[in-house]
Amino acid sequence: MARFKKTLSNWLNARHILIIQNEENFSEKATYKFTYAKIIFFAFLGFLVVFALSFYLVNTILDQWFDPRYAERQTRQELVELTFELDSLSFELESRDQFIQSIKKVLQGDVTTNEIPESAEASSQEETDYDQIAKTDSIFKSEFESGSGGDFLLSSSMDNLELRNTYFFPPLTGFVVATFDPQEGHFGIDIVSKKDEPVKSIADGTVVFTGWTQDDGNIIAVQHRENLISIYKHNSAVMKAVGDVISAGDIIAIIGNTGELTSGPHLHIELWFNGSPVNPQEFITF
């Protein structure tokens, strides 16, 4: 056994020379000195490097080709992500549908007694004048007039900086003939312009209502950012449909004279911010 170890040690540590010669003239080109121990060491080191690199690639970049469970894991992860997205979209769509239905009922005057807030009901019992309010604005007017305008309307002292720092596109060019007067139930302004003048959206948004009422004729309402809604009434025609995504300056209607609460071609525009009417003239240059 000792003799075998000595022979193996001698074989491993024996020095060798590798000489590379030119085949034609036998001139020496290169000389390499080596032992079998060095060859085995560098071969093992190279094997470790290749093994480590292969292991890294198989578990990262080449995982999808070499791991049979890769596709299953990816599918499960995608299913989880899609489930969360579906839940989020379902909740958003449900909330939007409820909001749109509420807007439709208010604009069309289709509001039942159960849908009117308790404060409005109590106020309506004390103020008999509310029985004469038009159906289209019944819910809004009952809420705001119950507080004589002061409890609900946004004043200059309240926080409406979001609107003041936003540029709004003028819906059309004309003259304001009726100003904002919530005390008289006029929650917007009336603008007279040329016949068949296009009405444009004041900002980016989504159309949440289009319809016709007896008092206000053709109506279109647009939901904007920052809980802002713009409503355009008495149009001769509406150019957009519910669900359309529009940009500031897009034509959404044509000025008209539809509805009973009008005495001539004009646009009635209202701005509702966080559920309260605001004066359009404070934020839009006409």
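Reader: Which residue in S4 stands opposite Ala-178?

Author: In this predicted model, Ala-178 stands opposite Asp-190 in S4.

Reader: What makes S3 and S4 a pair of strands?

Author: Strand S3 (residues 175–178) and strand S4 are joined by three bridges in the antiparallel sense.

Reader: What makes S4 mostly covered?

Author: Strand S4 spans residues 188–192, and four of its five residues are buried. Buried here means under 20% relative accessible area. For the chain as a whole, 33% of the 286 residues count as buried.

Reader: Why are S5 and S9 said to stand at the edges of their sheet?

Author: Three strands form this open sheet in the order S5-S11-S9, with antiparallel pairing. Strand S5 (198–200) and strand S9 (237–238) each have a single partner strand, so one side of each is left without a neighbour in the sheet.

Reader: How do you know that S9 pairs with S11?

Author: Two bridges join S9 to S11, which run antiparallel. At least two are needed, so the pair qualifies. Val-238 has Ala-253 in S11 as its bridge partner.

Reader: Why is the contact between Lys-233 and Asp-216 called a salt bridge?

Author: The nitrogen-to-oxygen distance between the two side chains is 3.4 Å. The limit is 4 Å, so the pair qualifies. Lys-233 lies in strand S8 (residues 228–235) and Asp-216 in the loop between strand S6 (205–213) and strand S7 (217–224), so the bridge ties together parts 17 residues apart in sequence. Lys-233 and Asp-216 are both buried.

Reader: Why is Ser-247 called partly exposed?

Author: Its relative accessibility is 38%. Buried means under 20% and exposed over 50%, so Ser-247 falls in between. Ser-247 belongs to the loop between strand S10 (245–246) and strand S11 (251–254).

Reader: Which residues is Ser-247 in contact with, leaving aside its neighbours within four places in sequence?

Author: Ser-247 is in contact with Ser-201, Ala-203 and Asp-204. As for Ile-202, its C-alpha is 8.4 Å from that of Ser-247, although the two residues are 45 apart in sequence.

Reader: Which residues touch the most other members of the largest nonpolar core?

Author: They are Phe-168, Val-199, Ile-202, Tyr-232 and Ile-252, in a core of 25 residues. S4, S7, S8, S11 and S12 each supply at least two residues, and S12 gives the most, with four. Beyond its neighbours up to four places away in sequence, Ile-202 touches residues including Phe-168, Tyr-232, Ile-269 and Leu-271. A second, separate core of ten residues includes Ile-100, Ile-103, Phe-209 and Trp-272.

Reader: Why is Leu-45 called partly exposed?

Author: At 41% relative accessibility, Leu-45 lies between the limits of 20% and 50%, so the term applies. Leu-45 is placed in helix H2 (residues 36–59).

Reader: Which nonpolar residues form a patch on the surface?

Author: The patch consists of Phe-41, Phe-42, Phe-44, Leu-45, Phe-47, Leu-48, Val-49, Phe-51 and Phe-55, with about 1000 Å² of accessible area together. Membership requires over 30% relative accessible area; Leu-45, at 41%, therefore passes that cut-off. The chain exposes about 18700 Å², of which carbon and sulfur atoms supply 55%.

Notes. Residues numbered from 1 in each chain as written. Predicted model: local features only at pLDDT ≥ 70, side-chain atom pairs only at ≥ 80, totals over all residues. Heavy atoms only, no water. Buried < 20%, exposed > 50% of the residue type's maximum accessible area, 1.4 Å probe, protein only. Contact = heavy atoms within 4.5 Å. Patch = residues over 30% accessible without salt bridge, like charges linked within 9 Å, V, L, I, M, F, W, Y side chains within 5 Å. Areas by Shrake-Rupley, 256 points an atom, 1.4 Å probe, with all protein chains shown as cover. Core = buried A, V, L, I, M, F, W, Y, C linked by side-chain atoms within 4.5 Å.
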